[in-house]
Amino acid sequence: MIQDEIKVSTQTLQWKCIESKTESKRLLYSRFAISPFRKGQANTVGIAMRRALLNEIEGASITYAKIKKVKHEYSTIIGLQESIHDILINLKEIVLKSESFEPQKAYISVLGPKKITAQDIKGPSCIKIIDNSQYIATLNKDILLEIELNIEKDRGYRIENLQKYQEGLFPVDAVFMPIRNANYSVHSFESEKKIKEILFLEIWTDGSLTPKEALYEASRNLIDLFIPLINSEKKEKNFGIEKTNESNMSYFPFQSVSLDIEKMTKDVAFKHIFIDQLELPARAYNCLKKVNVHTIADLLHYSEDDLIKIKNFGKKSVEQVLEALKKRFSIQLPKNKNYLN
């Protein structure tokens, strides 16, 4: 059993994985129980988690294939059992996992006769094939088939524009959705003479991540969606009365409390947002990981001068980090430690 605790107001939420099974390499399943919620809360969380699981988690997919000596999709190759169109459909189904936010190249170079599967795809170490047995094509004769693949990481669907590609370069309608399905149900129970709720969450993934990882990722992405609301500039109004000078502050003693809550919310949120959300280039991302910078909270302990001192972390990498922080979270790192709180 897996168990974790999350503090929510005056109650403690507990979650457990109560069922888990591997139906195949490309289909993992887990069922989680989360409780106790007050009446109505479980449904709110269930709806948000299901939508985050299905829409907010990134996946990897082949976005185009370049097939040597082939001009168009409906070409036929003597000795190749499938049409080019069929091969593209098979490539679309390949389940991948990418550790890079940048597009990566992979290759198929096979001399027939041979049955070609996902195992024949050769690429960088940051690309992982989930199921090597996935079928691609069959060569019936002694011919060479060479295919260059472009692999990207994104969310949702991407329907490619055929007109922007040249001869021999075939777009693939990519599906960046590692979550196959997600369901939830809510059940009530009585505790200390109060009605409480328990949320059951079912998650099916394609094998590129586990249901537990999907649960964490969806939770982080939900937090990420609300960060801009925390950081957005507030209108200086209270109860419909616009503040015109500092003397008005005395009428609203809760103002300082509100600011403390905002700071606490940020601190907690940033501890649960990983630097993956910055979508940094591989070099900057890997350098930060090597010095144990895993979350935004970790990164906020660094100044610009600190970043430039990291091994292999050049000026360009610093600029990329600063730009990503400003764009995603409206955060500006100080120039040096003298300005750090």
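**Strands, cores and salt bridges**

Author: In this predicted model, strand β14 (residues 179–191) runs antiparallel to β15, and 12 bridges join the two. Within this pairing, Phe189 stands opposite Lys196 of β15.

Reader: How many residues lie between the strands in the hairpin of β14 and β15, and which residue there takes a positive phi?

Author: The hairpin has 2 residues between its strands, and Glu192 takes a positive phi near 50°.

Reader: Which other strand is joined to β15, and by how many bridges?

Author: Strand β3 (residues 27–38) is joined to β15 by 9 bridges, again in an antiparallel arrangement. Arg31 has Glu202 of β15 as its bridge partner.

Reader: Is strand β15 largely enclosed or largely open?

Author: A general point comes first: in a regular strand, side chains alternate between the two faces of the sheet. As for β15 (residues 194–205), 9 of its 12 residues are buried, so the strand is largely enclosed by the rest of the structure.

Reader: What are the overall figures for the protein chain?

Author: The secondary structure comprises 8 helices and 17 strands. Of the 341 residues in the chain, 43% are buried. The accessible surface comes to about 20,300 Å², and carbon and sulfur atoms account for 51% of that area. Among contacts between residues at least 6 apart in sequence, 67% join residues at least 24 apart.

Reader: Which residues have the most contacts inside the largest nonpolar core?

Author: That core has 30 residues, and those with the most contacts inside it are Leu91, Ile108, Ile121, Ile136 and Leu149. Several elements each supply at least two of its residues, among them α2 (84–92), β6 (104–111) and β10 (144–154). A second, separate core has 28 residues, including Ile273, Ala284, Ala297 and Val321.

Reader: Which residues does Ile136 touch, leaving aside those up to four places away in sequence?

Author: Ile136 touches Ile87, Asn90, Leu91, Ile94, Ile108, Ile116, Thr117, Ala118 and Ile121.

Reader: How is the span of a helix to be read, taking α1 as the case?

Author: The expected span is 1.5 Å times one less than the number of residues. Helix α1 (residues 41–55) has 15 residues and should therefore span 21 Å; its end C-alpha atoms are 21 Å apart, which agrees.

Reader: Which residues of α1 are buried?

Author: The buried residues of α1 are Ala42, Gly46, Met49, Ala52, Leu53 and Leu54.

Reader: Let us turn to charged side chains. How many salt bridges are counted?

Author: In general, side chains of opposite charge can pair when their charged atoms come close. The count here comes to 10 salt bridges. In one of them, the side chains of Arg26 and Asp131 meet at 2.9 Å, N to O.

Reader: Where do Arg26 and Asp131 lie?

Author: Arg26 lies in the loop between β2 (11–24) and β3, and Asp131 in the loop between β8 and β9, so the pair ties together parts that are 105 residues apart in sequence. Arg26 is partly exposed at 34% relative accessibility. Asp131, at 5%, is buried, because buried means under 20% relative accessible area.

Reader: What is the case within a helix, for Glu217 and Arg220?

Author: The general idea is that an α-helix has 3.6 residues a turn, so residues three or four places apart point the same way. Glu217 and Arg220 both belong to helix α3 (residues 211–231) and are 3 residues apart, about one turn of the helix. They form a salt bridge whose closest N and O atoms are 2.4 Å apart. Glu217 is buried, with a relative accessible area of 18%, and Arg220 counts as buried at 15%.

Reader: Are Glu99 and Lys97 buried or partly exposed?

Author: Glu99 is partly exposed, with a relative accessible area of 47%, and Lys97 counts as partly exposed at 28%. Their side chains meet in a salt bridge at 3.9 Å, N to O.

Reader: Which residues are linked in a network of salt bridges?

Author: Such a network links Glu152, Asp154 and Arg158.

Reader: Finally, where is Asn286 found?

Author: Asn286 is found in helix α5 (residues 282–290) and is partly exposed, with a relative accessible area of 39%. Its C-alpha atom is separated by 9.9 Å from that of Asn312, 26 residues apart along the chain.

How values were computed
Residues numbered from 1 in each chain as written. Predicted model: local features only at pLDDT ≥ 70, side-chain atom pairs only at ≥ 80, totals over all residues. Heavy atoms only, no water. Buried < 20%, exposed > 50% of the residue type's maximum accessible area, 1.4 Å probe, protein only. Helix = DSSP H or I, 4+ residues; strand = E, 2+ residues; numbered from the N terminus. Pairing = 2+ DSSP bridges. Core = buried A, V, L, I, M, F, W, Y, C linked by side-chain atoms within 4.5 Å. Contact = heavy atoms within 4.5 Å. Areas by Shrake-Rupley, 256 points an atom, 1.4 Å probe, with all protein chains shown as cover. Salt bridge = Lys/Arg side-chain N within 4 Å of Asp/Glu carboxyl O.
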